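Let's take a walk through this structure together, starting with a space inside the protein and ending where two chains meet. Keep the viewer open as you read.

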Amino acid sequence: MIAFIIRRLVQAALVMLAVAFIAFAMFNFVGDPVAIMAGQDLPAEQRIELRKSLGLDDPTPVRFARFVGNAVQGKFGLSYRTAEPVGKMIVERLPATLELSVMAMIVALAVGIPMGVFSGLYPQHWLSRAMMTVSLIGISLPTFLIGILLILIFAVMLGWLPSFGRGDVIRIGGWSTGLLSVSGWKAIILPAITLGLFQMTLIMRLVRSEMLEVLRTDYIKFARARGLSNRAVHFGHALKNTLVPVITITGLQLGSIIAFAIITETVFSWPGVGLLFLQSVQAVDIPVMAAYLVAIGLLFVLINLIVDILYFVVDPRLRSQSAKAGAK
Amino acid sequence: MQRGKFLKATLVAAVAAVALLGAQPVSAKTFKWANDGDVNSMDPYARNETFLLSFNLNMYEGLFRRDKNLKLEPALATKVEMASPTLWRWTLRPGVKFHGGEPFSADDVVFSYGRAAGKGSNVAGNFVSVKEVRAVGKDVVEVETKYPDPLLNDKLSQIGIMSKIWAEKNNAVQTADMTKNEENFATRNANGTGPFMLKVREPDVKTILVPNPTWWDKPEHNLTEVIFQRVANDATRVAALLSGEIDMVYTVPPQDVDRIRKTAGRRVLEAPETRIVFLGFNQQLDELPDTNVKGKNPFKDKRVREAFHRAIDVEAIKRTVMRGQSRPSALMIGTGLNGYDQAMDVRPKFDPALSKKLLAEAGYPNGFETRMDCPNDRYVNDEAICQAVVAMLAKIGVKINLVAQTRGKYFAQILRTASDIEKSPQIAFYMLGWSPGATYDVHNVFEALIQTPSAKTKKGLFNAGGYSNAKFDELADKVEQETDKAKRDAMIKEATKIYLDDYAYIPLHQQVVIWAAKDNVDLVQLSDNYFPLRFVKMK
C-alpha cells in the first residue's frame, strides 16, 4: 500500500512539472499584457518601464526557473488586472466553486443512482423508458443552454429563484459559505442542477448497465436460490458490485466538474475560480491563468490519488493482490 | 375587561407600526446595477480605463468635474486661472473633509498628483507636460508646465484626490507595485471626498457604496445605498434586469435591445459614444506582408486609399451589422468633443465604380491581394464589420485575407512597441478604435494617431500604419501649445482638412452606448460612457 502511494506521488510530481511548463508557456503565447494594462494615454517611457517591472524582457529559462521557484512556494505574483496577489484571489474564490461542485455531485448521485437502479431492475417499465429519454436530453443539451433555460423559467417567468450570484455569504475563518443562509440555498439550486445534470445522466446510465450486467451473474442466482429477499439481493449484492465503476467515474468527474464549472459559473455569475479564470483570459491576466492551471492540475492529481486508494477499500481483490506482491 | 383588551390591542398595533416605520425608512432607495466586468481596483490610478475611472470618481473627486454636457465645472477647486501660459493656479474649496474625517488641503492635491504621476500609476500620461506641482499655503495649488498646455485642467479633472494622511498611515503612498507579491491597501479601500463612500468591497462579487453625509455639494441623487454587481454572462445580465433583481445594466448586448424595449417597465438608453472605430493602412513599409504586389506598397498611393474609402458602404454596415446602433462618421473625432466640426463631417460618396477607376489609374486594374487584421472581442461586432468590409472590397477586385483574433494578441501584433516607435509593425490593413481619453480634445487624436511616429518626440505611438505628413505634424505641434482659442480652432480645422484630403484613415462610425434601466430609475447617460451615480434618482 505504501509503495503504491509513493509510486503514485512520484508520478504526480512529474505531471505537475509538465503542467507548470504548459502554464508558463502561456506567458509567451497569449498576447501582450502591457497593451491591455496600460491604456491608451500612457507615454512610451512608462510602457517600457512597465514591461521591465513585469519581467517580460528576461530570457525564457530565467523566467521559467523564477516561475517554478515561486509556484512551489505558492507565490504567483500580482494579477495584471487587479494588482491583488494571485494566490489570495484563487483561495478566496475556491469555496464557491467547491460548494457548487460538491452540491452538483450530490444532486447527481442522489438522483442518478436510484434512477439507475430502478431502470436496471425494471428495464421494460414505462418509467424506465421515460427516464432514459429524459437522460438523453441531459446528455445532449449543452450546459449554457440548460442554465439559460432554467434562468428564463425560474427567475424571469416564475420569479422564484435568483438568476445570478451566490446570495448572502457567511464567513467562517478563511471559508465563505452560502449554505447557511436562505438566499444562499436559493442561489445554489439552479447552478447545481445545471452543473450536475450531465453527471446525473451519466451515473444513471452507468448504474443501469452495470445492474443489468450484475443481475445476470451466477452469484446473484445463487443468492436468490438461498432464498434471500429481493431487497438484500438488489442492494446488498447487486448494487454493491456496481459501485466500483461508479466511484471511478464520480471521482474523475468531480475533478472535471470543478475544472469545467467555468461555463456554469459564467452563466450564473457564480463567483468561483472558473469565472475568475474566464475574466482573466479576457484581460490577458497571465499570472492568474497560470496559477489556475497549476491549481486545477494539482486537484486532478489529488483526486486520482484518492480514487486509487478508495479502490483498495472497496475492492478486496486489489488488497489481496498487493498483499501477495508484498509477500513475494 | 373588554375595554382593557381593546386598549391593549391598540397599543400593540401602535408599537408595531412604529417599529415597522423605524425598520424601513420610507425613503430607503437601494440602487442595484450590473456590468459584465468588475471594477478592477478601488485605486483611482490603477488603470487608465473608462469603467474604473468612472466608478472611482464616485468616491474620489478631482479639482474640476464634468457636468451633464461634459463641460468642466468646479469641484474641489472653486476656481482656476492661468497666471501665465505655463503657470496654472487653483483655489481650493474650503471646509471639505474626506470620508475618514481628514480635512482636505493643498497638501493632499500635491500628494495625489505625485502618486498619480509616480511609479505603478497608469494615469501618469496626464502629467507629461507638468514640471512642478506645489502648494501655496493651505488653499492654493500651483502647477508649472514645461510648455503651454491649454488642456491641463481637462486632464487633471480625471485625477481624483486621495487623502495624504490616510495613504501614509496605510502604507499606500504609491500604486501597487507589480514586482512585489503584496497587495496595496488602496486596492480594496477608498478614502476620497466624493458623494459616495465605499462600504463593502468583494472583488468580482459586489461593491456597496453609501452616500457621504458630509459631502460639500447638495446631492441631486436620492439614493441611500448603491450595490454594484458583476454579471458576466450577457443573457443572465439581461434576465436579471427583466426579473427585476437589478435596476440598471451598464453593458447591454445589442441583440437584446428589442427584447428589453418590449418589456413593460424597462427602457433602453442609447447615445453615440465618443470612440471612433476606423480602418488604417500601412503607409510605411516598402512592401506589404501577405500580398501579391511585390516591390512596392499600394497604400502609399493616395488613389488606392481613396478607392478603399469609397468602396466601403458605412450605411450598409450600420443597417446590417450594427442593427442601427452606430453613427457613421467622416472624422477621426466624435460628436460633442472639442475639435469636432459638423461642416467637415461629410463622408466621401460611396462609389464603387469610381473606386475601380482609381485603382486602375494607380496601376491595379484587376485589384490586388492583401491581408486585413481585426480584433474579435474589442469593439462592438468588430469581426463582423471586417467581414463586411472584405466583401465590399471584393467587389472592386481587392482580395483580402482576414485575420481576426483576440485583443491581447491583436494589439500585441498591430501596435508599435514603445521602445522602438519608428519600426513598422507587420500589418497591411487593420481596424482600431480611439477616444481622446482624458482631454476630450482632438489634439490627443492628432498626437497619438496621425502625427508621424518618432522616437524623438514620442508622438504617433498608435499611428500603426505610419501615415506621415510634415505639414500636419507642424500644425499639430502648434495646436498642442496654442492657448488662444480662436487661433487654435483655426489650426485644428486646417489640420483636419489635411488628413481628410490625404485619406489617411477610413473612419467608420461611433458605436452607440446602450444602457438599460427600470422605468423608475432616472439617470443621465453621458457619451463618454461615464456613469456618475450623483445624477441617479429613484422613484
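Start with strand E2 of chain B, residues 64–66, which gives the most to the lining of the largest cavity, with 3 residues. Please keep in mind that you are looking at a predicted model.

How large is the volume of the largest cavity? It comes to about 310 Å³. The lining is made up of 23 residues, and those closest to the centre of the cavity are Leu57(B), Arg65(B), Arg66(B), Tyr530(B) and Arg534(B). If you colour the lining by class, you will find 13 nonpolar, 5 polar and 5 charged residues.

In total, there are 2 cavities of 30 Å³ or more. What classes of residue line the second largest cavity? The lining divides into 5 nonpolar and 3 polar residues, with no charged ones.

On the chain A side, H5, strand E1 (170–172) and helix H8 (182–215) each supply at least two lining residues, as does strand E10 (225–230) of chain B. Of these elements, E10(B) contributes the largest share, 3 residues. By class, the lining of this pocket has 13 charged, 8 nonpolar and 6 polar residues.

With both chains in view, move on to where they touch. Here 53 residues of chain A are in contact with 58 residues of chain B. The two chains bury about 4,400 Å² between them, and 55% of that area is on carbon and sulfur atoms.

Which polar links can you look for between the chains? There are 11 residue pairs in polar contact, counting pairs with both residues at pLDDT 80 or more. The count of salt bridges between chain A and chain B is 4. In one salt bridge, the side chain of Arg93(A) meets that of Asp204(B), with 3.1 Å from N to O.

On the side of chain A that touches chain B, two or more residues come from each of helices H2 (33–38), H3 (44–53), H5 (86–121), H7 (143–157), H11 (262–267) and H12 (273–282). H3(A) gives the most to this side, with 8 residues. Taken by class, the chain A side has 28 nonpolar, 13 polar and 12 charged residues.

Key:
Residues are numbered from 1 along each chain as its sequence is written. Chains are lettered from A and ligands numbered from 1 in the order in which they are written. This is a predicted model: local features need pLDDT of at least 70, side-chain atom pairs count only at pLDDT 80 or more; totals for chains, interfaces and linings use all residues. Side-chain values use heavy atoms; hydrogens and water are left out. Contact means heavy atoms within 4.5 Å. Buried area is the accessible area (1.4 Å probe) that two parts lose on being put together, summed over both. A polar contact is a pair of N or O atoms within 3.5 Å; within protein, one must be able to donate a hydrogen and the other to accept it, and residues adjacent in sequence count only if both atoms are side-chain atoms. Helices (H or I, at least four residues) and strands (E, at least two) are DSSP runs, numbered from the N terminus. Ala, Val, Leu, Ile, Met, Phe, Trp, Tyr, Cys and Pro count as nonpolar, Asp, Glu, Lys and Arg as charged, and the others, Gly among them, as polar. On a 1 Å grid over the protein atoms alone, a cavity is a set of points where a 1.4 Å probe fits but cannot get out, and a pocket is an open set with protein on both sides within 12 Å along at least five of seven lines; lining residues have an atom within 4 Å of a point. Grid points are joined across faces, edges and corners, and a volume is the space filled by probe spheres set on the points.
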